[in-house]
Amino acid sequence: MSPTFLTLPDGARIAYELLGPEWSGHSEPIVFVGGVSSTREDWQRLAQPLSMKRPVLIYDHRGIGESSYSTASKDDDITIELMARDLLLLLQFLKFSEIALCGFSMGGAVTQQLLLLPYLASDPVTLPFKVTSVFLTGTFPTMWEEKGYGLKLDRTPITGPLTDEEKKARARPNLERSFDPEWVADPANQDRFNWWLDRQIVGRPLHTIIKQSRANAQVAHMKLYGYEQIPKSTHFLIIHGEKDAIVPFSNAAKLLRVIAQASFIQTGFEPGQIPTLAFGHHWWEYFDIEVWINVIETFLSSRDFQQQSKL
């Protein structure tokens, strides 16, 4: 599907798609915020069926997918705050009054920063919409200290044009880490893995991925103030798999400590629960997709989740 573009004040163009627009005014929109190297089409498996129930906003961060850098520099420095302000401008343009947010990996840090923009010491800005619910998925409050996690970027010098197969070979190791060895080895997942691999070589420039990775690393030095000022009416659900090889599972507990109104996804077979925590970084590629749709719909329609376990 072709995107719509919003030109920001600095000339950057943000590509976005609003799925399920027929639900506008009837169901609360949900906004998916991608991680390092993510493009909006990565959400396809979840966003398309979810748009049968509510509006779903997917978009590309500046400099990746079909979004562009500013006209002045054409190669902006990327920070978590810049990406949060880009998202704010997009949401202002769309004139949503109430939204739910789903931040994945780096997108979880962007989501947290968006919520904390009103409390910045420098250039704070009021959010012109109400955030009712937040899903923080495979993400973190500060950069982790555990070794062996994160993306492993191939920085081998490129001396000439690469074939598509050579590009895929460079992308494969990180893509495999986004799942887990058992998932990757399962023949039932091969078509899906190849779907992802085919899309790694289009619209994901390495220099932007490096900038995003640096922005991630800077979270270690960020001072995110104002968690306690986030309205208590904003409810958070933390989703994190024990097999996550990109962001350590321990970050789920850290988020629960800093966000008083957060709860953790529960396992079981009741509405809003998942069968197991044995899943990797790309959480929405695990289980039947109706499991995740049920999690989202149950959380958005019920506030009972705030009474659930704190891990």
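This is a predicted model: local features need pLDDT of at least 70, side-chain atom pairs count only at pLDDT 80 or more; totals for chains, interfaces and linings use all residues.
# Close-up views

View A: Residues are numbered from 1 along each chain as its sequence is written, and side-chain values use heavy atoms, with hydrogens and water left out. Back to K243: look for it in the loop between strand 7 (235–239) and helix 8 (250–258). Helices (H or I, at least four residues) and strands (E, at least two) are DSSP runs, numbered from the N terminus. Once residues up to four places away in sequence are set aside, K243 touches F179, D180, E182, L277, A278, F279 and G280; contact here means heavy atoms within 4.5 Å. W43 sits 200 residues from K243 along the chain, and the C-alpha atoms of the two are separated by 20 Å.

**View B: the whole chain, for orientation.** Along its principal axes, the C-alpha trace spans about 55 × 45 × 40 Å. Of the 311 residues, 54% are buried. Among contacts with a separation of 6 or more, 77% link residues 24 or more positions apart.

View C: Helix 2 covers residues 80–94, and its 15 residues should span 21 Å at 1.5 Å a residue; the end C-alpha atoms are 21 Å apart, which agrees. The expected span is 1.5 Å times one less than the number of residues. Which residues of helix 2 are buried? They are I80, M83, A84, R85, D86, L87, L88, L90, L91 and L94. Then comes K95, in the loop between helix 2 and strand 5 (98–104). K95 is exposed, at 71% relative accessible area. Most residues other than glycine have a negative phi. K95 is not a glycine, yet its phi is positive, about 60 degrees.

**View D: F287, another residue with a positive phi.** F287 is not a glycine either, and its phi is positive at about 70 degrees. You'll find F287 in the loop between strand 8 (262–264) and helix 9 (289–301). Is F287 buried, partly exposed or exposed? Its relative accessibility is 22%, so F287 counts as partly exposed.

**View E: helix 3, tucked inside.** In helix 3 (residues 106–116), 11 of the 11 residues are buried, so the helix is largely enclosed by the rest of the structure. Those buried residues include M106, G107, G108 and A109, along with Q112 and Q113.

View F: T39 belongs to the loop between strand 3 and helix 1 (44–50), whereas G203 lies in the loop between helix 6 (190–199) and helix 7 (206–218). T39 is buried, at 7% relative accessibility, while G203 is partly exposed, with a relative accessible area of 30%. Leaving aside neighbours within four places in sequence, T39 is in contact with D60, I64, G65, G203 and R204. G203 and E66 are 137 residues apart along the chain, but their C-alpha atoms are separated by 6.7 Å. T39 and D123, 84 residues apart in sequence, are 28 Å apart in space, C-alpha to C-alpha.

**View G: P29 and its contacts.** P29 occupies the loop between strand 2 (13–19) and strand 3 (30–33). P29 is buried, with 8% relative accessible area. What does P29 contact beyond its neighbours within four places in sequence? The list is P55, F96, E98, I99 and A100. L57 is 28 residues from P29 along the chain, with 7.2 Å between their C-alpha atoms.

Note on methods
Buried means under 20% relative accessible area, exposed over 50%, partly exposed in between (1.4 Å probe, protein chains only).
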